[in-house]
Amino acid sequence: MAQKQGVADAAAHSSAIDRRDFLKAAGAGVTATGLTGYVGYQGNPTLEVWLSYYTEGKTKRQYTDQLVKQYQNQSNTQINVTGVPYTDVVTEFQSARAAGNVPHLVEVMTRPGILAGGAGMVVNDLWQSSSLADKTSDKIMNGHRVWGAQSTGKQGNLVTFPLGFRPYFTAWRTDWLQQANIDPSEVNHEAGSLHWRDDMPGIYDKLKQTQMGQRQDSFPDTTGMKQSDEEYLSLYIPQHGGSMSGVVDLKGQNATIDSQAARNAIKMQFEYINRGYFHQNSINHGDEESTTLHWSGQVACNHIQDSTDLWGDYLEEQGQAMRNGQYTWGLPMNAGTKAALAWLPALGFIGDAFNNQREQDAAVKFIEWWIGDSDRAVQNAKNLGFVPVAPAQIKNENFFGQSEMHTEFWRGACLKTLNQFDPAVIPAVPGANAITYDIPRGMHQQIAQQLQQGTGLDQAVNQATSQAATEINRLLQRNQ
């Protein structure tokens with residue numbers, strides 16, 4: 001477990017620097033000085049950085065611009081930020097790599113596959129020489145190690161530095177809970193994590209019997225994971241005991257979708273739609289559609305949004321409701337595990353972009369400055385919805401306990417998720433877009449078609465997952 005935040009902060013300007021120098025003298029920087037094009041410590045470095053979240057709204061963009069400007073004034077390092085939407089980053093990166101004009105750092109979260117095939121630089125030495133290594137929760141770094149193993153083929157490798165943590169947890173409408181005579185403490189962070197099979201059917205049945213539950217097109221919950229969303233298989237499969245990267249194993253070498261855990265996850269979704277627990281059109285709902293249904297009172301629970309959206313978007317669009325306690329926040333539901341999907345906003349290091357050790361050091365110092373300082377961790381939470389990488393920052397900083405809303409959201413749901421759950425991650429392997437979009441879409445369509453023709457659910461799921469596994473393995477073998 002990482003050191004206490006107070007101790008790490010007190011030593012940030014002394015022991016952390018000594019530690020970095022020691023590690024580099026011991027070999028962390030030796031190999032780097034042999035990089036092609038290494039020219040020594042001449043001039044101030046310039047870093048090209050791609051940020052996808054930068055394109056998600058005015059508030060995030062303006063905050064980031066202020067942040068970068070402040071760092072540039074302090075460090076004399078030039079940071080050039082380019083906003084590339086998540087949906088476009090793979091195509092844009094492929095074009096940049098073909099042209100030999102790649103950025104130094106790329107934000108990865110829903111598209112970690114861009115670091116596969118040799119694009120991502122192994123940064124274990126840089127990480128160990130960073131002050132962040134003494135602060136960041138092991139829970140967060142476990143997900144980054146999965147990415148490193150998948151994108152490089154070697155267990156234990158890291159290719160990314162964390163920017164924060166974006167856990168998925170539940171948001172409940174308290175007005176609907178009240179009608180069902182369900183105390184919020186039965187479903188929110190005070191209750192702990194609810195079990196999909198043992199706990200949720202009884203809760204959903206009570207919600208269905210209320211006045212709000214009897215309205216047309218109203219449902220207790222929604223899967224929020226349409227058949228083509230990358231979140232879907234990376235969320236439910238780990239919760240049912242499957243691979244922490246959903247459709248593939250932790251090394252990214254073989255499909256795991258043709259397994260009992262995966263089949264249980266897929267069957268649950270269809271079963272809960274049939275039982276009226278999930279919205280009848282859930283398979284075609286994305287997270288935005290589910291959130292709109294939640295705000296309008298058509299669903300009682302939204303379990304598929306992450307902290308950025310649940311904090312930032314809800315506070316912006318549902319501010320009065322948030323402050324009046326019309327939502328209560330719970331831990332991720334599970335199916336016998338302590339696994340849950342968490343976006344891991346991170347900066348991946350692109351090997352072809354770095355010409356010398358000084359550029360690498362500048363990248364590390366920038367991330368340390370941005371993430372490691374407690375004051376900036378609070379600002380990141382306020383403006384970006386990023387959960388700080390060190391649990392002690394949530395415990396110690398006043399912002400996270402300013403009001404009942406803050407305490408319940410940050411010190412309740414976020415802190416418990418950060419401490420108790422292992423983050424499942426979207427695969428970081430070649431062809432990950434097909435694995436998490438195209439193949440699941442075809443699989444779901446096949447299941448739906450077979451059900452319409454009278455095939456039983458077990459048979460339909462077994463056939464479809466077997467075919468999906470064959471397609472995934474063929475893709476993995478082709479791209480290796």
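Predicted model: local features only at pLDDT ≥ 70, side-chain atom pairs only at ≥ 80, totals over all residues.
Figure 1. The close-up shows helix α11, residues 260–274, against helix α20, residues 457–479. Their axes come within 10 Å and cross at roughly 135°. The crossing in which α11 passes α20 is right-handed. On the α11 side, the contact is made by Arg263, Ile266, Lys267, Phe270 and Glu271. Facing them from α20 are Leu457, Asp458, Val461, Asn462 and Thr465. Sorted by class, this contact of α11 with α20 holds four nonpolar, two polar and four charged residues.

**Figure 2. The largest pocket has a volume of about 850 Å³.** Its lining is made up of 39 residues. Those lying nearest the centre of the pocket are Glu56, Lys60, Glu288, Asp309 and Asp313. Helices that each supply at least two residues of the lining are α3 (58–75), α12 (287–296), α13 (307–317) and α16 (374–384). The largest share comes from α13, with eight residues. By class, the lining of the largest pocket divides into 17 charged, twelve polar and ten nonpolar residues.

**Figure 3. Helices α12 and α13, which both supply residues of the pocket lining, cross obliquely.** The axes of α12 and α13 come within 13 Å, and the crossing angle is roughly 45°. Angles under 35 degrees count as roughly parallel; α12 and α13 are therefore oblique to each other. The crossing of α12 past α13 is right-handed. Thr291, His294 and Trp295 of α12 meet Asp313, Tyr314 and Glu317 of α13 in this contact. The residues of the contact divide into two nonpolar, two polar and two charged. Asp313 of α13, part of this contact, is also one of the residues nearest the centre of the largest pocket.

**Figure 4. Helices α15 and α16 are roughly perpendicular.** Helix α15 spans residues 357–372, and α16 spans 374–384. The axes of α15 and α16 come within 6 Å and cross at roughly 75°. This angle falls in the range of 65 to 115 degrees, which makes α15 roughly perpendicular to α16. From α15, the contact is made by Trp369, Trp370, Ile371 and Gly372. From α16, the contributing residues are Ser374, Arg376, Ala377 and Asn380. The contact of α15 with α16 comprises four nonpolar residues, three polar residues and one charged residue. Helix α16 also supplies at least two residues of the lining of the largest pocket.

Figure 5. Lining the largest cavity are the residues Tyr168, Phe169, Trp196, Leu235, Gln239, His303, Pro332 and Met333. Six residues of this lining are nonpolar and two are polar, with no charged residues. The lining of the largest pocket, by contrast, includes 17 charged residues.

Terms used: Residues numbered from 1 in each chain as written. Heavy atoms only, no water. Axes fitted to C-alpha atoms, helices over the stretch in contact; angles between N-to-C directions. Helix = DSSP H or I, 4+ residues; strand = E, 2+ residues; numbered from the N terminus. Left-handed = near helix turned anticlockwise from the far one by under 90°. Contact = heavy atoms within 4.5 Å. Nonpolar A, V, L, I, M, F, W, Y, C, P; charged D, E, K, R; others polar. 1 Å grid on protein atoms, 1.4 Å probe; cavity = no way out; pocket = protein on both sides within 12 Å on 5 of 7 lines; lining within 4 Å. Points joined across faces, edges and corners; volume = space filled by probe spheres on them. Parallel < 35°, antiparallel > 145°, perpendicular 65-115°, else oblique.
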